[in-house]
Amino acid sequence: MAVDRNVSDEPLLLPSGGQPRRASKLAKSLARGTLKLAMWTLFLAWITMFFVIPTEVGTDFYSDWEDATSGTLYGTQGSVLLLYSAPILLIAVLAVPYLLLSGGQEDDAIAEQKKSPGLRLRTFPVLVDGVFGVVSAAEFIGIAMFVAFVLWAVYWYTVVNFEMLPSYGDLTPLEKRVQMLQMSAYIFGLTALTCLAFLFLPVARGSILLRLVDIPFEHATRYHVWLGNLTMFLLTMHGLCYFIVWFIRGIVLESIIEWKSDGGANFAGVICYCFGFTMWVTTLPPVRKRFFELFFYTHQLYIIFVIFFALHVGDTYVSKAAGGIFLFMLDRFLRFWQSRRKVDVISATSFPCGSVSLVISKPKNLQYNALGFIFLQLRDISRLQWHPFSVSSSPLDGSHHLSVLIKSVGEWTGKLRNSVSDLLVSQTQLYGPNASIVASVEGPYGHESPYHLMYKKLILVAGGSGISPFLAILSDVLHRVRDDKPCLPRDILLIWAVKRSNEISLLSTIDMDSICPSFSDKVNVDIRVFVTRESEASLEEGKIEKVVSLNTRSRGGSMSVLVGTGNKIWSGAYVVISILGFLITLALLDACYLNPYSISKWWYRGILFVGCMFVSVIIFGGGVVYFWHRSENVTPAGEEDREESERIGYMLDQETTQYKLCENTSVSYGQRPDFKEILGSVSDSWGCVDVGVIVCGPQTLQSSVAKEIRSQDLRRKNNSPVFHFNSHSFDL
């Protein structure tokens, strides 16, 4: 049979450059959707389990579950671990491929952003004042769920206890009340244990879970504070009820020092509570603000708290909170290794207002977003203190450095300014450019995606040193506009409230015309400065302000890439291998020691369980960290670094810099910003569009802005903009 080769040799589908790309994109999207569905299913099932367990049905299920798994390799601790901690660990494992598939999608997401304007749970402020501060609708739902869970758990555990009461035999009315009080103490302990399962999740700075939900650590700390208060309240009720029972029965002293092997070790529980209470008291706002170092140092007692918690409750109950604690241990171990690197400060600049700008060396492959932040330690000032600072540079400013802007407001920052001033004098008079500043750095941390690029209109509200992240945003937007990269913002309104006019010189750290010539033709940037404590200009227009810069000697030290927010492949491998290592270590312990030798002491099994977590992080996680570190391309600071250090927005090696206000900058003296008037005028002129409002400043400033946003959004008309509240304030 003759074959028409002109037809048969032709492919059925002609190759097309766009078709394979679309197919690959579709496959990635499908895989991401499947993983997202699986993680949501696991999470909802996990949350549902917490609500079901306290009920009669849940109590029966839990007993049957323990009986069914008691003869397995992991035993009872394994059944509890599978029920309480395995879901969150499995979500962490699934998050690895999800984030890998999401890599490089940011620009596409910005370009395809076509959502119609509307309210969003994460950016609509429901509560704007009070003990919780500004609370979004999503956060309010979370708070309500935890309150509902506590009430639900206490109610159902009490119902079950009432049904169990007849099984204790004939008791007098007083004995019944005492017995119910003792069972209530146990109820409070169980409920606190559930809160403890969540307590450590928000404070794992580089946690893969925080990357998954795109919540930066600086925002997640407030969740830790809320959970910590709730947990300590429940633990206080737990201990108080037991103390009252012991007092009524006249066995206070012997009960406190009791160290049982077949139940909770009371003395270990007392020690655990004492350390927890110490940490709790120092977190109270009056104590924390006045004695921050006391708060910081006492919070390191969490290690002893966890150890005695394990000794008190044993391995079975530790398994309920093991997921969050283990993920925190992973993050803490990684931070330890990153912080050991000595990092060069390429240059330092001292401003008239008391602020200092530091330019820090970093490797090219260490990525961050414009709204990122780092933790900084200067050993010449203190070997123990770490302080968080927002990054004031855009990742597009240069691939080998980042900048932070630090205001002198306390003892540590005051010493930093004095150190820089002393080095400036030394450089000028004695040593020339041989002065050096060496720091230790953790981070950078921040949002997984650059959400500031997702809004067509931006309102940036800063108070004092809160200008720092907004300098990074301005630089980021201008770089993207110049390079024709995806970038939605075309109207930016910057509101900056300062106490003194000498702070205005901080705007000199960004030269908008140099970054993007004729930027005003492409982006409308309106800067309004409000000087609150001066009634009129104290400096003549155009007068030179002394901005002194120090170009330091580089030793070649750059930031380490060992950070949870760094390379997704290495950080993902670190999490997955460490979790597998933990399961292997636990299995070996059970198979080779606990089961053959019938080890049954609660406190002993509890400390061995925590020891397994620690060993698996050191051995398995440490192995990944070793190869991760070996793969790091460490190169000495060279010409590229030096060239970049000259493009940070101000001139190095100059004794004075003249800052002249741009024509798009207005300064008002003796008044504060009127957000009702500002948002009202914006609402009239910008039309129906999503407006991102980002606030960086004190709590009073955040509350004022959030209150007006809530008011504007609730009474908006169809052709009015929707304001979205975003906070970028770090409050430990």
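This is a predicted model: local features need pLDDT of at least 70, side-chain atom pairs count only at pLDDT 80 or more; totals for chains, interfaces and linings use all residues.
Residues are numbered from 1 along each chain as its sequence is written, and side-chain values use heavy atoms, with hydrogens and water left out.

Most residues other than glycine have a negative phi, and most peptide bonds are trans. Asp214, although not a glycine, has a positive phi of about 60°. Its relative accessibility of 16% places Asp214 in the buried class, the classes being buried under 20% relative accessible area, exposed over 50% and partly exposed in between (1.4 Å probe, protein chains only). Asp484, likewise not a glycine, also has a positive phi of about 60°. This residue is found in the loop between helix 17 (468-482) and strand 10 (491-498), and Asp484 counts as exposed, at 70% relative accessibility. A cis peptide bond is present between Gly443 and Pro444, with omega about 5°; Pro444 belongs to strand 8 (residues 438-445).

The patch covers about 570 Å² of surface and is made by Leu174, Leu240, Phe243, Ile244, Phe247 and Ile248. Patches comprise residues with over 30% relative accessible area and no salt bridge, like charges being joined within 9 Å and nonpolar side chains (Val, Leu, Ile, Met, Phe, Trp, Tyr) within 5 Å. Ile248, in helix 10, is partly exposed at a relative accessible area of 44%.

Helix 10 also packs against helix 7 (residues 137-164), at an angle of about 15° and with the axes 12 Å apart. Axes are lines fitted to C-alpha atoms, for helices over the stretch in contact, and angles between N-to-C directions run from 0 to 180 degrees. The two helices, helix 7 and helix 10, are therefore roughly parallel (angles under 35 degrees; over 145 is roughly antiparallel, 65 to 115 roughly perpendicular and the rest oblique).

Salt bridges, defined by a side-chain nitrogen of Lys or Arg within 4 Å of a carboxyl oxygen of Asp or Glu, number 15. In one of them, Asp315 pairs with Arg605, the closest N and O atoms being 3.0 Å apart. Asp315 lies in helix 15 (residues 302-339) and Arg605 in helix 20 (residues 602-631), so this pair ties together parts 290 residues apart in sequence. Asp315 is buried at 5% relative accessible area, and Arg605 is buried at 16%.

Arg335 forms a salt bridge with Asp331, with 3.4 Å between the closest N and O atoms. Arg335 and Asp331 are four residues apart in helix 15, a separation of about one helical turn. Arg335 has a relative accessible area of 9% and is buried; Asp331 is buried at 6%. A network of salt bridges links Arg205, Asp331, Arg335 and Glu442. A further salt bridge joins the side chains of Asp491 and Lys457 (2.5 Å, N to O). Asp491 in strand 10 and Lys457 in strand 9 (residues 457-463) are 34 residues apart, and the pair links distant parts of the chain. Asp491 and Lys457 are both buried.

Definitions and conventions
Accessible areas come from the Shrake-Rupley method with a 1.4 Å probe; for residues, only the protein chains shown count as cover.
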